[in-house]
Amino acid sequence: MTDATTDTRTIGADHARDADHARDPDTAGRGRQPGWRERYLRPRRPSPYVVVAGVFFVLVNVLAWRNNIISDFGQHASAVERVKAHPLHPANPLVDLPGTDSPYYSPLIVVLGIIAKATGLAGWQVLRGWGAVNLAVLLTGVAAFSRTLSRNRWVPVLALAAMMLLWGIRPAAWSGFLDVSAMTRNLTFPSAFAIGLTLHTWALTARAARRRCSPLTHVVVGVSMGLILLIHPITSIGAAAGIAAIVAGWQRGWDRRVAARWLLTVGVAVAIAVLWPYYDVFGLAGDTTVDKFHKALYGRRLVTWYGLSAVGIPALVMRWRRHRMDPLPLLWLADIAIAAYGWFSGHYTYGRIFGLLLFPPQFALAVELTRARPWPVARKVLAAVAAAAACLGLLVQTAAIVRLPPIGPVRLTHLVTWPSYAWVADRVPVGDTVLTDDFHATHVLPAYGMFLVSDTWPDPSLTPQVRDRRAHDVRVYFSPHATASVQRLIATRYHARWAFLDRGQPVPYGGRVVAVHHATGERLVSLTP
């Protein structure tokens, strides 16, 4: 009898705190405000999140710095290098053509290019160093958004753990994914900065909705949303869905003044995007160039890549039962609708929303597992299942970074490290064009400022005809039936002074081997006499 009464009172107290927090998150749970002596002179211990986030910051930066250049890093670093060379009219990131209307020239890339020009550093060096900034923005964003959900000091700790571990039983290293193994490889990507900025924007949106802030706050939200749209358009869709969910769930009363302020927010975001001179972001809306590459985000990978996050769904249900317009369940349903649209419409690029789709269950779980004890049976079961899922996630993420031996029936996947191409960069000047069809080389060599003949990742600023002709010419050049005259014609057409060959590929006519990698057998060939 006593236990049941205590449990009922505890649950009631939890509900009361939720209601109080929804009314005013900045005063909920506070008693007497501390005086200046207590605030500034009393020694303070760092919060648990400061300690955990600090250790995590150092660890991920070290692991990321140790990795060789991989994947889309080359394209982003190349864009930085092009801005460094011509800030107002940069060339295309990958091919020796004008870069007019290339979506890779976002505000972030332009700023990094200006930093590279001012410091004299290479584009890849600036981009790699910026990874620490991306991680700092993300970690502070987790803290800021967690604060809108709960005052408990352990919520951001558990939220960070859930974000890093509760993904799937196979590691996924796509841009915009935030599991630990992906962060060590994609930390420098613009998507990481955009997601961190999204969390800060949601936190500021929650404050504006709950407290009726000044128009300046709404302007800042609009500017942030406009920047997210330009930096990583697919993330902006999830960011906008989050803003809508927060406003729908937490806005304190509606009148003409409130509506005008939110219209101001939308207007500022649209103005930022429209006035950006480097490319038209709204022109990407109907572009299907990269849809075929993103089909891999769906299918059986729904379980293997994202399955562990399902442990947070009961926490979302608990929030929904307490408050039908709670932003986290609303955001989760909106993200599911966006992902479903991508699947049924064939626009698979919308599958990139999966990185943000996991946020609602992850943050909801963190809040539920920090509620006051004693817990009801349902919450105890949820905690046990979440702990088991986190342990499995930790094993999966560790194996992705460090090669581990097989553990019983569990099949662990290790993400292979790419080879280094610094030895090529030591010999090929920035701005030279290289002929190659090697998968790794075509992704990495642009990081050092080299141009390719055919781009590795379709750029909407190039017409399909241009891309197809260049890809065809590369295939012809490396065909075993290519004649000397054809190879010379192709090399001359694209001003290619170098060829990069995989092991076993014959040396082009008139080519001279300059360097050979001792481990991979790859060769750098000079095409000039």
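The questions and answers below concern a sheet and a loop residue in a predicted model.

Biologist: In which order do the 5 strands of the open sheet stand?

Modeller: The pairing in this sheet is mixed. Strand 1 (residues 433–435) and strand 3 pair in the parallel sense over 3 bridges, whereas strand 3 and strand 5 (residues 523–526) pair in the antiparallel sense over 4 bridges. The order of the open sheet is 2-1-3-5-4.

Biologist: Which residue of strand 5 stands opposite Phe500?

Modeller: Strand 3, residues 496–501, pairs with strand 5 in the antiparallel sense. Leu501 stands opposite Arg523 in strand 5. Phe500 stands opposite Leu524.

Biologist: How many residues of strand 3 are buried?

Modeller: Buried means under 20% relative accessible area. Strand 3 is mostly covered, and the count of buried residues is 5 of 6.

Biologist: Is Gly120 buried or exposed?

Modeller: Gly120 is in the loop between helix 5 (107–119) and helix 6 (123–149). Its relative accessible area is 54%, and exposed means over 50%. Gly120 is therefore exposed.

Biologist: How far apart in space are Gly120 and Lys84, C-alpha to C-alpha?

Modeller: In sequence, Gly120 and Lys84 are 36 residues apart. In space, C-alpha to C-alpha, Gly120 and Lys84 are apart by 8.8 Å.

Notes: Residues are numbered from 1 along each chain as its sequence is written. This is a predicted model: local features need pLDDT of at least 70, side-chain atom pairs count only at pLDDT 80 or more; totals for chains, interfaces and linings use all residues. Side-chain values use heavy atoms; hydrogens and water are left out. Helices (H or I, at least four residues) and strands (E, at least two) are DSSP runs, numbered from the N terminus. Buried means under 20% relative accessible area, exposed over 50%, partly exposed in between (1.4 Å probe, protein chains only). Two strands pair if DSSP finds at least two bridges between them.
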